Amino acid sequence: MADVRTVTDLAREVAPKTEAGRTLAPELVEAIREQGLFRLGVPRSLGGAELAPAETLAVAETIARGDASAGWCVSIAATSGLLAAYLPESGAEEVFGDPRSVPAGVWAPKGRGVAADGGVVVSGQWSFCSGIGHADWLFAGFVLDGALRVAALPKASLEVLDTWHTTGLRGTGSHDCVARDVFVPHSRILSVLDGPLRDGALYRFPVFGFFAASVAVAALGNALGALDDFVALAGRKPLGSSRTLAERGSTQSAVASASASLKAARAYFYEAISEAWEAAQSGEPVPVEARAGVRLAATHATRTAREVVSTLYDLAGGGAIYDGAAIQRRFRDAHTASAHFQVNTASFELPGKVLLGVPARTEQL
């Protein structure tokens, strides 16, 4: 974690550069790559860390405390790294064998596949390709004969469109990518619904739940960073005031309440991760109830984090409205993270069905 904190400090330092460039600053990418933090979900046999979920998520959360875009890219890369366990052995070696290889991924079936000798010809356009600027591969969802599949595409085979002009999380560089009749051998095609080909507790952990959790830790880290930023800001006296923000009773009450809400959501989040991880280590499939718990905790954490950052933004007053103000960036990043389909308000519905015993499609929990 000492190395992670060094990366976090760098992420905080270069956050304005990251945001302005709409991609992680080059020196930050190199630091993350050198520490192997883009490969936390990759199997050890392929040179990855294969960390337990809570450890990976804590790393990404810590980095997000420095800059949400950086933490987001680390956690999303970890999620893509899990797919090494879903690829045939030769394909996993091709994609992840280079220790500096970094994956990105969009599993939504936005492409189409046509069967060909030895593989599939894939075409499509995928939005929200987070980290594609520093990635070497894109895991892209497509439909083949009515079934959802995912192809590992070399970035060199793609056209990256400059589409990521957004309110927040600008540094993730989540541009669109286009593939035009790219041949993909069977060794680089997988199914996230059929389950992993490689055994191991990490790969029995619910992969869709891990995806939602990776969004949540970026939001949690961002909110913790916003608290840091506000504490630094609160020591100043607003124009025309004889007291600092920190000396005001209303500020003290609001910050205490926000901090308690964030810590409670965070504790529930890691408790749900721990419960699912314990089940994954048993060798049996993770129960639906535990999988639903991860999704519910991830959504709750993300949306609580957004509320906390919004409260701090309001308390900061005029000190937050200028471009370049750290807490303004935190506010924009928080609202952008909560728009993700894995953690938006609609994502409460599926866990709610499980809790109520209502019939539900649970294959993507």
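A salt bridge joins Glu 30 to Arg 100, with the closest N and O atoms 3.1 Å apart; the term denotes a side-chain nitrogen of Lys or Arg within 4 Å of a carboxyl oxygen of Asp or Glu. This pair connects distant parts of the chain, since Glu 30 belongs to helix α3 (residues 26-34) and Arg 100 to the loop between α6 (89-96) and β1 (103-116), 70 residues apart. Helices (H or I, at least four residues) and strands (E, at least two) are DSSP runs, numbered from the N terminus. The structure is a predicted model, in which local features need pLDDT of at least 70 and side-chain atom pairs count only at pLDDT 80 or more, whereas totals for chains, interfaces and linings use all residues. Residues are numbered from 1 along each chain as its sequence is written, and side-chain values use heavy atoms, with hydrogens and water left out.

Buried here means under 20% relative accessible area, exposed means over 50%, and partly exposed lies in between (1.4 Å probe, protein chains only). Under the salt-bridge rule the count comes to 15. Salt bridges that share partners join Glu 30, Glu 34 and Arg 100 into one network.

Arg 329 pairs with Asp 67, the closest N and O atoms being 3.7 Å apart. Here too distant parts of the chain are linked, with Arg 329 in helix α11 (residues 326-337) and Asp 67 in the loop between α4 (53-66) and α5 (68-81), 262 residues apart. Arg 329 counts as buried because its relative accessibility is 9%, and Asp 67 is buried with a relative accessible area of 2%. The side chains of Arg 330 and Asp 229 likewise meet in a salt bridge (3.1 Å, N to O). This pair spans 101 residues, from Arg 330 in helix α11 to Asp 229 in helix α8 (residues 207-234). Both Arg 330 and Asp 229 are buried.

Helix packing was examined for α10 and α12. Two packed helices are described by the angle between their axes and the distance between the axes. The axes of helix α10 (residues 288-316) and α12 come within 9 Å and cross at roughly 145 degrees; axes are lines fitted to C-alpha atoms, for helices over the stretch in contact, and angles run from 0 to 180 degrees between N-to-C directions. The crossing of α10 past α12 is left-handed, a term applied if the near helix is turned anticlockwise from the far one by less than a right angle, with right-handed used if clockwise. In contact terms (heavy atoms within 4.5 Å), Val 288, Glu 289, Ala 292, Arg 295 and Leu 296 of α10 meet Pro 351, Val 354 and Leu 355 of α12.

Leu 355 also contributes to the surface. Together with Leu 356 and Val 358, Leu 355 forms a nonpolar patch with about 340 Å² of accessible area in total. Patches are made of residues with over 30% relative accessible area and no salt bridge, like charges being joined within 9 Å and nonpolar side chains (Val, Leu, Ile, Met, Phe, Trp, Tyr) within 5 Å. Accessible areas come from the Shrake-Rupley method with a 1.4 Å probe, and for residues only the protein chains shown count as cover. Leu 356 is located in helix α12 (residues 349-356) and counts as exposed because its relative accessibility is 70%.

Backbone geometry was considered next. Most residues other than glycine have a negative phi, and most peptide bonds are trans. Asp 145, although not a glycine, has a positive phi of about 55 degrees and lies in the loop between β3 (137-144) and β4 (147-154). Leu 169, also not a glycine, has a positive phi of about 50 degrees and lies in the loop between β5 (159-161) and β6 (175-185). Asp 145 is exposed, with a relative accessible area of 76%, whereas Leu 169 is buried, with a relative accessible area of 3%.

Val 120 lies in strand β2 (residues 119-129) and is buried, with a relative accessible area of 2%. Not counting residues up to four places away in sequence, Val 120 touches Gly 113, Val 114, Phe 142, Leu 144, Val 182, Phe 183, Val 184 and Ile 189. Val 120 and Asp 181 are 61 residues apart in sequence, with a C-alpha to C-alpha distance of 9.2 Å.
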